[in-house]
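Hi,

Here is the structure I promised to pass on to you. Have a look at it first, and then read on for what turned up in it.

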Amino acid sequence: MSSLALSPPENDTGPAHNRPPLKLRSSSQTVFPTPSLGHQGDDEPKDDNSKDKTKEGIPEDDESEDIANPQERVPRERRILVDLALLLFIFIMVSWPWVFFGVVKAKNGIQMRGRLADVYNEYPHEVAIVVTLLGTVNRIVATFLLGKVVVRFGQEKIAHAKSETVTVFGVSALLAFRHVSLVWGIGQWKQMARGAGRFAVFLLLVLCLIGLVLIPSGTAGLITPGEFNKTAELSGTELDFFSDDPGCLTWLEANRVQNNCDWRRFGNTQFTTCLGENQMLDVLDSGRANMLFKVIGVRNETSSLSQLGARGGIRFLGSAKGVLPIGPDGVPAFNFLNSSPNPFEDQDTRRGMVSYNYTLLQQGLESSVSCTYDTTSPIRYYSIETTSRRIIGSSGSCDPAAGLEDVLEGIEEYPTLNVNNTLTYWACKQRPPPGALDPTYVIYLRGRENYEASIGNITCTVSPMRSQIFSVNYLSLPGYFVTNPATNLAPESQRRATFARYIQHGLMGLGNLVWEGQNWSSNIVPETVFSLAAKYLNMSTFDPSPKYLELYEAMLQGILEYEATYSRLIYSLGANPPDTCFRNIAGSVTYSVRGWYISDSFTQAGLLLPMTLINLATFSLLIACFVIGKFEYQRNFDVTDNMSLLTARVDGAERGQNGEIKWKDKVRFTTAQST
C-alpha cells in the first residue's frame, strides 16, 4: 500500500463537467458518497429499459435506494445499551477463566459426578474434541469483540480528529486490528520504519496475533478434565491393648479368648471364637507369605486371609503384623472409621474414585524371633493308657530355676500321632528383668522319627513380643495391605506394658496349629518350610541348615502375628467395652478422581495470560471510546468497511489523475451525524 496510481478510465472521452456523480448501493453502511472528484457532466445515453421504467412510474434515480452509505437513525439510548452489553460480554471474557481457575484451585480440584463422569470415562476422545472446539469458540468470541470495539474506536477517532481526518496509515492500522491480519506487504517495511510509532503499532498487532493463537491452548489447559489426586483426613477407634485402666483390664480379662470353639454373629457375619480350626489355612498362608518376603526375597507375594470376614479375603504383602484392618477394604464388621471427614461415606465421591490409597496408624504386634538348633528339649513323649499305640502324649516343662514360667494356660499335654514324621511344640515365658515391661518368650519344637534328623530340637526366643503402632497402607490397584512400623510415635507409647493375655493367646494358637496340623504322613508346618526351601532355594529336605532356621523364624513370626490379629478380632466381639479400652486412630486417604484441577498454578496462569491481555485490551479500548465520545455518537458507520474506504477521499489526490498516496496523507470521510 506504499503507492496508489490514480489515472482516468481508458474510454473517458466526454467532457469532464458533464459526468454524473459516482453512486454505490449499500443497505448497511452509513457514510455518504464523496463530493464530486472532477470529470463530471458527461452525457451518457439512456437505454430503452430506463425509458420503460419512466413510463411505468418507476423513478429513474431513486436516491433513497441508490446511496452507498445511507444515514441510519439509531436512537442514542439503543446505542448506549449496545455498548453496555458489549462491555458486559468483555468483562465476562476477562473474568470467567480466572474465576474458574480460583474455584478449582481453592477446592483442590473439582470432581466430576454422576453421568458426566461416566461420559468422560466412556468417551475420552470425544471429550477432547469438545474441549478443542470450546477453545476455538473462545478465540472466535475474543476476536469478534476486539473487532467490534476497533470499529467503535474508529468512529470516535474520526469524529473527534482534527477536520475529521486520519492518516492513511491510521486507516490501515484500524483495518489490521479490525480483521486481526497483516495488511502491510514486505515492500512497505521502509515506510514502517520511517514513521514515528508505526513499528510499535506493528508490534502490537503481532502480539495480538500471537495472543489469539494461544487462546485455544490456554482454554484447553484450563477446562480439559483429567485424573487428579485429592486427600482427606481419616479417623476411627480400635481396642487398645496398651490400656492400664482397671476397668478396661477387667473387661479384657472377662472377654479373654477361650481354648474352645464356638460361633458368634457380629455385624451380619459369623466368627469362630477360638484360635485354630477354620483359621488354619489363613495361619499357614500368613507364615508362608512372611517367609517369602523376608527370607526368599519375593516382594510381590501376598497372603490372602479369608476368615476375617471380608468378601474375597483380605490380602497382605508380607505379614499382617497383628493388625485388624479397618476402613472400606478392611474387616467390614469392624469398620470403626468415623463418618466425617470420610470421603468413602459419600456414595457419589466413592463411585467416582479411580483408585485410592489410605493409611491408618493402627495397633499391631511387634515381634522378633531368633532360632537355634539345640541338643536337648523340655518336650517329652509318653504313651497314653487306654488308647491306641498310634497315639502318644507330648508335653513340656518350664524350669523355674532358669526363670521360666508356664504360659500355655489350661494345656497340660498335646496328644499326637505316633508316626514317622511327628512335630511337637511347647512354650514358656521368662520372667522379665527389673525395669523391663515385657517378658521374653521361648518356643520349643521337637521332631520325632524322621523329623528328628531333618528338624531335631529347635529353640526359638521371641523378644520383644508386644503391641506396637504400625502404619497400615491399603493400595486399591493391587488390592492389598502393607504394614510398616510407624515413625515419630509419642514417647509414652514405648513405656507401656501390653495386656499379657493378648500375647499368650498367640502362643496358644501356635500350639494348636502344630497339634492340628499333624496327620498320618507328616505335619503341615514343617512341610510348608521344606517346600519353600526346595522350590526357591534348592535345598535338601533331610539335612538341617542355618537357612532352615531363618525360614522357621519367619514362619513362626508370621503365624504369631496372624494369631494376634485374630485375637484382636475375638476381643472386638465382646459386648459393651468401656471407653477406656479404645484408642483413637488417625490417618489419611489419597484418592484419584476425574474432573478439573490445577496441577501447576504458575504454568496455568501463564497460559491464561494471553487471552486475559487480549480481553483487557479490548476492555480498555471500549472504555477509551466512552471517554473520547462521551456517549455523543457522532458517527455510526464502520470505517474499515469496503464501502466506507471506497467513498473516502485522500487529501491532495484526485481520481483520474496520476499520483501517489503516502501513509502520512490525510483521509477524509464525509460527515454523517447520528441522531
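Leaving aside its neighbours within four places in sequence, valine 94 is in contact with Asn615 and Leu616. You will find valine 94 in helix 3, which covers residues 76-106. Is valine 94 buried or exposed? Its relative accessibility is 14%, under the 20% cut-off, so valine 94 counts as buried.

The average pLDDT of the protein chain is 83, and 85% of the residues score at least 70. Residues 1-67 are another matter: pLDDT stays under 50 there. The model has 117 contacts beyond four places in sequence for residues 1-67. Where pLDDT is low, the predicted coordinates should not be read in detail.

Now for the chain as a whole. It has 675 residues, and 47% of them count as buried. There are 17 helices and 20 strands. Among the contacts with a separation of 6 or more, 76% are between residues 24 or more positions apart. The accessible surface is about 33,700 Å², with 55% of that belonging to carbon and sulfur atoms.

Three strands form an open sheet in the order 10-11-13, and their pairing is antiparallel. Which strands stand at the edges? They are strand 10 (380-383) and strand 13 (416-417); each has a single partner strand, so one side of each is left without a neighbour in the sheet. Strand 11, residues 391-395, pairs with strand 13 over two bridges in the antiparallel sense. There, isoleucine 392 stands opposite threonine 416 of strand 13. In general, the strands of a sheet pair through backbone hydrogen bonds.

Enjoy exploring, and write back with any questions.

Best wishes

How values were computed:
Residues are numbered from 1 along each chain as its sequence is written. This is a predicted model: local features need pLDDT of at least 70, side-chain atom pairs count only at pLDDT 80 or more; totals for chains, interfaces and linings use all residues. Side-chain values use heavy atoms; hydrogens and water are left out. Helices (H or I, at least four residues) and strands (E, at least two) are DSSP runs, numbered from the N terminus. Buried means under 20% relative accessible area, exposed over 50%, partly exposed in between (1.4 Å probe, protein chains only). Contact means heavy atoms within 4.5 Å. Accessible areas come from the Shrake-Rupley method with a 1.4 Å probe; for residues, only the protein chains shown count as cover. Two strands pair if DSSP finds at least two bridges between them. pLDDT is the predictor's confidence in each residue, from 0 to 100.
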